[in-house]
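The following note sets out numbered points for a colleague who is reading the model. It begins with the contact between the chains and then turns to domains and sheets.

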Amino acid sequence: MTKVTLTVNGRTVSGECEDRTLLVHFIREKLSLTGTHVGCDTTQCGACVVHMDGQSVKSCSILAVQASGSTITTIEGLAGQGELHPVQAAFKEHHGLQCGFCTPGMVMTAVDMINREGGSLTEEKVRAGLEGNICRCTGYHNIVKAILAADAEMAGGRQAAE
Amino acid sequence: MGVEGIGARVTRKEDKRFLTGKGRYTDDMTAPGMRYAYFVRSPHAHARIRSIDVSAAKAMAGVIDVLDGKQLLADGIGNLICGWMIHSKDGSPMKMGAWRPLAADTVRYVGDAVAIVVADTLGEARDAAEAVVIDYDVLPAVTEAVDALKAGAPQIHPESSDNLIFDWQIGEPDTTDQAIAAAAHVTEIEIHNNRLSPNPMEPRATLGIYDSAEDHYTCYTTSQNPHVARLVMSAFYNVAPENKLRVIAPDVGGGFGSKIYIYPEEIVCLWASKKTGVPVKWTSDRTEAFLTDAHGRDHVSKVKMAFDADHRITALKVDTIANLGAYMSLFSSAVPTYLYATLLSGQYAIPAIHANVRTVYTNTVPVDAYRGAGRPEATYLLERTMETAARELGISPAELRRKNFIRSFPYQTPVIMNYDAGDYEASLNAAMQAADWAGFEARKATSEANGKKRGIGMSCYIEACGIAPSAAVGSLGAGVGLWESAEVRVNAVGTIEVLTGSHSHGQGHETTFAQLVAGRLGVPIDSINIVHGDTDKVQMGMGTYGSRSGAVGMSAVVKALDKVEAKAKKIAAHLMEADEQDIVIENGELKVAGTDKALPWFQVALASYTAHNLPAGMEPGLKETAFYDPANFTFPAGCYIAEVEIDPDTGETDIIQFVAADDFGNIINPMIVEGQVHGGIAQGIGQALLEGVHYDANGQLLTASFMDYAMPRADDLPSFNLSHQNTPCPSNPLGIKGCGEAGAIGSPPALMNAITDAIGNNGLTMPATPMKVWQALHAAH
C-alpha cells in the first residue's frame, strides 16, 4: 500500500492504495467522485478523461501512485459555483448527451480541445479530436455542434483576455 | 404547442446531473459492508466440467467465498428462460436447452459463467478467480449456424440432436412458389446480416443486497425493465417472491436491447449476497461485455423476389438461418420470427410472401434483440434485393420503389402486419430532394476525375414498433403482455409526479413525459417530476425497448391524465358552482369558459386533499392510474439516402452525405427525436462499415475489446441531414409512431447500396471494411 496525495478540484486529498490501483479507481472509490467513468479496458473509450496538470489524460491509463503530487480536475470540478461551464451549457443546449455515461469524459476532452485549439476549430478538427472518446447514443452530430458552439461562446472571453 | 408542451424543443431536465458528474449509475452505488464479485468463466467454447476445486481460491487474502453451479442448483435457483414460445412447422415446440446461471456440468460458449468469487476488493477477487481450478473435458465447438446444422456437427444441447431450435414459417408457400415460377423476372440473392455487439458505453453491473432481518433482496441493476426483472427473477429463477425483491434500475448508460434480459450475473449476485451475508457488487469490464452481453443479428438468408413484366413485385420467398448462440435468451425466439418476417412486405404491395426461418444453437454468445430487433434484418434483405433487382431490370431504384409502394390504407400484408397509415412517396421525394439525387451524376464525374469512386444508395424502410397489443402477441407465443402503466399523482399543493413503467436510459423521458403534462395542464415543466426505475415506487410496468415509450408509455400517461382532468374539473365545477361541461384547463388554471371565474391548479389540488368541500360521494385525493394496451403496432417509415466516395487505393469509404426522411407520426420533442435518429444511424453505419463479431474455428471470440471491434467514432461519421413527413398514428391518443430504432433499421442498406453502386461489385457483405471494399473493387475489374 502506498500513500497518494493529490490536489483534486482544488482540495488536497490523500489516500492509501495498492500500487496497481488505476487513477480512475482511486478517484471513484477512495475519493467517491463517481462522475469519472470506466467504459472499457483498453484505453479506447475516453469515459475516464480528467485533466491532470492542465492536460486531458485518460485516468484508466495512469496509476494513482504515478499521479501523486499532481493537480487533477474531474467533471465535478468543472462548473463554478452553481454555474455550468460554457462547454457543459453548450452540451445541454444542443442535446449533446443522451444516457450521459460518456459525457464527463467527452466534456473534459472538449474543454481541453478548446483550450488548445480554440478559435480555429472546425467540424473536421473536432471530429478528429474526438477520436479518443466513444459515444454510442448520440451519433456525435450534436456533440460536434455543442463543441463548436462552446468554442464560439468562449471566443469572446479569449478576445477579452488578450 | 406552448414553450414547454408537445412539439417543443425543450432542453432536458436530466442533463444537469449527467453534465456535472452527479449521475447515479449502478457502479456508483455502494452499500455498507459491500464486497466485490468476479466471475470465473469458461475459456472453452464447449466442454464438460469434470471438477471444480475452489479450495486454493477460498484460502486467498480477502476472499469471502467462492460459489459454484452445484451449490446454486442445490439452493433451487432456476434456469434462465426464453419467454416467447415458437412452434416449428410440424407443431413441435422450440427446443429450449437448459441455461444454468452458473454452469454445473457443461459450458457452451467462451465466457459461460462457472463460479463467482466474492472478496474484499475487486483485485483480490480477480486474483482468487485465477486460483480456481477447473478440470474441463474440451469438446469440439461450432460457431456458424450454417455449420451447426450440418451432419457431424457437435451437439450443443441434449434437447436438439441437430442443433435446430425451431423450423418456422409464415405466409403462403404454394402461392409464392407458383408466382415465382410464373414470373417475368426473378432476382436471387444471398443476404448476410453480420453479428454485432451492442456495446452501450456503461458496462452491465449489479449490486445485490440481501437483508436477513427482513428476508428481503434489493437489486440495483442496469436494466431497461426493472419490473420484468423482478417478475422473471421471482417466477422463474426462484430468487425470491416478488414482494421480497426490490429491483432498482437507476441511471442506466444506454441499453439498445442488451439490458432487457435478466442475465446470470444478476441472479447469482443476489443469491451470493444471501450466501455470504454481505452486499455483492459486480461490474462487467468491456471484455466481459463482449463475452456476455447478448449479441444481435447474425442471419444468413436466401432470397427470391419475383417481378411481372411491369416491374411489379409478384412474390417474395425468403429462407433464413438465424444463429441464436449457445442458449435461448429471453426474447430470442421472437426476433427472427414475429419481429422480422412480419416486415417482409416492406413498403411494397407484395401479393405473395413466404418466409422460412430456422434458428440454430452454436457455441457463441446468446443472440437476442439489439436496436431494431428483426426489423434491420428484414429491411436490409428487402432493400438490398430491391437495389439488385433495379440494377438487373435496368431501371432506377426510385422508379422501382414508386411502382411498388403501398398507396392505400389500411393495408393488410400477407405477413400478419396491417399497416394503418403512411405516405412512403412523400419521404422518398423529400429524401431525393434533400440529397440532390438529380445532381449525382455530375458529382460522380468530378470524383472520377479525381481518381475516386462515387456511389449513391437508398433504403425505403418500414418497421413495426410501439410494441405491442397484448392479446395479439399472446396469441403468437409471448409469455407477457406489452401494455404500459402510468400513475399521475398530484401533490397537495399542486406539483405533480408521474410514475411510469417506462425506463429512461438515454431517451429523455424526464423531459418528454413532463412536456406532455405541462402542455396538457399549463403548469410549469419544473413542477412535474417523472419517476421511473424502482419497483418499490412504481407499479408494474413493462419497460423500454421496441420504441414503445412514446406510443405506449405516454399513452398510459394520457389515460391517467384524462382521469385526473375529469376529477379536477368536477372539483372545480363544484367549488365555482358551475357546470362540469363548462370547465376548461388553461395556463395552469381551471376556468369557467366564457367567464372570469378561475381557480389556480394548486388550489384545486389542495381542495382535493383538504376535502373540506368536495362533491357528494367523491373520494379525497387527486391521483389516478391507467394501464394502456396498444390497439396495434405502429409503423414508422421513411427513406434514407447515403452518398459515398471511395478511394480505390485504400478501399476507404468516405460518407459524403447521409439524408434521412422519416415519418414518426406526431412528435413530442423534435430535438430528442433527432438525437434518436442520429444515434440509430450511427449504429447502422457501424454495422455497414465497421462492426462485426468474429470467432475463430475453436470458438474463441476474437473481437472482445474496442481494439478489435471497430466502434464508430466521430470521424467515421458525417453530420446528418434529417427531415420529417409525418402522418399521425391512428392507433394511440397522441398519434405517436416512435423513433428509437428507425435510424439503425433504415441505414445499413442505404450505405451498402451506395458502396456497391460505387465499386460495381454487388457481392460485398457487411461490414464494408477498407480491406473488403478494396478486394471487391479489384475483383470486379
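1. The contact between the chains draws on 46 residues from chain A and 41 residues from chain B, where two residues are in contact if their C-beta atoms, placed from the backbone, lie within 7 Å. On the side of chain A that touches chain B, two or more residues each come from helix H3 (86-93), helix H4 (103-117), helix H5 (123-129) and helix H6 (141-161) of chain A. Helices (H or I, at least four residues) and strands (E, at least two) are DSSP runs, numbered from the N terminus. H3(A) supplies the largest share of this side, four residues. By class, this side of chain A has 21 nonpolar, 15 polar and 10 charged residues. Ala, Val, Leu, Ile, Met, Phe, Trp, Tyr, Cys and Pro count as nonpolar, Asp, Glu, Lys and Arg as charged, and the others, Gly among them, as polar.

2. A remark on the basis of the note: this is a predicted model, in which local features need pLDDT of at least 70 and side-chain atom pairs count only at pLDDT 80 or more, while totals for chains, interfaces and linings use all residues. Residues are numbered from 1 along each chain as its sequence is written, and chains are lettered from A and ligands numbered from 1 in the order in which they are written.

3. Chain A is divided into domain 1 (2-77) and domain 2 (86-157); domain bounds come from an automatic or database domain assignment. The centres of these two domains, taken over C-alpha atoms, are separated by 22 Å. Their contact involves 15 residues from domain 1 of chain A and 12 residues from domain 2 of chain A. On the domain 1 side, strand S3 (49-52) and strand S4 (55-58) of chain A are the elements that give two or more residues, and S3(A) gives the most, with three residues. That side has six nonpolar, nine polar and no charged residues.

4. For chain B, the assignment gives domain 1 (31-139 + 202-253 + 259-292), domain 2 (143-192 + 296-416), domain 3 (420-461 + 636-781) and domain 4 (483-628). Between the centres of domain 1 and domain 4 of chain B, taken over C-alpha atoms, lie 40 Å. The contact takes 15 residues from domain 1 of chain B and 13 residues from domain 4 of chain B.

5. One open sheet of chain B has five strands in the order S7-S15-S14-S13-S8, with mixed pairing; strands pair if DSSP finds at least two bridges between them. Strand S7 (164-171) and strand S8 (185-193) of chain B stand at the edges with a single partner strand each, so one side of each is left without a neighbour in the sheet. S7(B) runs antiparallel to strand S15 (residues 352-361) of chain B, joined by seven bridges. Within that pair, Gly171(B) has His354(B) in S15(B) as its bridge partner.

6. Strand S26 (residues 637-646) and strand S27 (residues 653-663) of chain B pair in the antiparallel sense over 10 bridges, with Ala642(B) opposite Phe658(B) in S27(B). The two strands form a hairpin with six residues between them, and Gly651(B) in the turn has a positive phi of about 75 degrees.
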